[in-house]
Amino acid sequence: MDNILVVTQAQKNTAFLMETLNMAFCGSAISVLHSGAQVRQQIIERDFDLAIIDAPLLDESGESLSRYIASKDKAQVILMVKGEIFDEVSAITENDGVLVIVKPLDKNLFWSALKLAQSTQKKLKKMRVENSKLKQKIEDIRIIDRAKWILISNLKMTEQEAHRFIEKQAMDIRATRREIAERILKTYES
């Protein structure tokens with residue numbers, strides 16, 4: 001995890017969190033903020049891999065902030081709350097993917113939460129890359145199919161002939177099928 005955000009108003013927790021995070025993620029950039037308003041501004045300007053919120057904050061409870069950060073689908077979020085509100089907050093935030101832990105913090109529990117967050121973040125990054133590739137493939141297929149239908153309607157080709165034409169052009173000029181399809185679209189749709 002390269003960029004970590006810590007949100008806390010408690011000075012004593014800051015030292016513990018910084019020490020533990022430096023041990024767990026040596027070399028990571030750690031930003032410490034104290035209010036939800038500061039965090040919302042920072043989230044607009046940069047991405048974080050992990051956000052740790054020590055609730056309550058100066059200007060809010062921390063629950064809505066944790067859900068807001070989680071909704072951005074970039075950072076794994078750990079929300080630290082008092083034991084008496086754990087069940088209530090956990091029920092509200094669990095559908096957003098927020099990990100809720102009880103404070104005062106147990107060092108081993110916090111370490112486990114960090115490792116769980118790291119593992120989850122790695123898996124999510126991998127899935128985002130995979131999702132992006134699939135979206136690109138779908139878009140490629142959509143453009144190629146549009147080009148085929150243009151060839152079918154304008155040049156009276158069959159679907160197989162149009163498919164073969166695009167493939168052959170791509171091989172002959174060492175271009176992708178999408179590039180050939182885009183050229184066909186540009187020629188006939190202009």
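Let's start with charge: this protein carries 29 positive and 27 negative side chains, and the centres of the two sets sit 6 Å apart. Here Lys and Arg count as positive and Asp and Glu as negative, while His and the chain ends are not counted. Each charge is placed at NZ of Lys, CZ of Arg, CG of Asp or CD of Glu.

A quick word on what you're looking at: it is a predicted model, in which local features need pLDDT of at least 70 and side-chain atom pairs count only at pLDDT 80 or more, though totals for chains, interfaces and linings use all residues. Residues are numbered from 1 along each chain as its sequence is written, and side-chain values use heavy atoms, with hydrogens and water left out.

## The overall picture

The protein has seven helices and five strands. These are DSSP runs numbered from the N terminus: helices are H or I with at least four residues, and strands are E with at least two.

What about the surface? The accessible surface comes to about 11400 Å², and 52% of it belongs to carbon and sulfur atoms. Such areas come from the Shrake-Rupley method with a 1.4 Å probe, and for residues only the protein chains shown count as cover. Of the 190 residues, 38% count as buried. Buried means under 20% relative accessible area, exposed means over 50%, and partly exposed is in between (1.4 Å probe, protein chains only).

Now zoom in on helix α3, where the buried residues are L65, S66, I69 and A70. They cover an arc of only 135° around the axis, which puts them on the same side of α3. The arc is that of the directions from the helix axis to the C-beta atoms. These buried residues pack against β1 (3-7), α2 (36-45), β3 (50-54), β4 (76-82) and α4 (86-93).

Not counting residues up to four places away in sequence, S66 touches I53, V77, L79, T93 and V98.

## Along helix α5

Helix α5 covers residues 107-155. Both A117 and V129 are found there. A117 is buried, at 0% relative accessibility, whereas V129 is partly exposed, with a relative accessible area of 48%. Leaving aside neighbours within four places in sequence, A117 is in contact with M1, L50, Q76, I78 and L99. The C-alpha atoms of A117 and I173, 56 residues apart along the chain, are separated by 47 Å. For V129 and E63, 66 residues apart along the chain, the C-alpha separation is 29 Å.

Most residues other than glycine have a negative phi, and most peptide bonds are trans. Here are some spots that go the other way.

| Spot | Feature | Value |
|---|---|---|
| A55 to P56 | cis peptide bond | omega about 0° |
| K103 to P104 | cis peptide bond | omega near 15° |
| D73 | positive phi | about 60° |
| K156 | positive phi | about 55° |
| R174 | positive phi | near 50° |

Where do they sit? P56 is in the loop between β3 and α3, and P104 lies in the loop between β5 (99-103) and α5. K156 is in the loop between α5 and α6 and is exposed, with a relative accessible area of 67%. R174 is in the loop between α6 and α7 (177-189), and R174 is exposed too, at 81% relative accessible area.

Definitions and conventions
Contact means heavy atoms within 4.5 Å.
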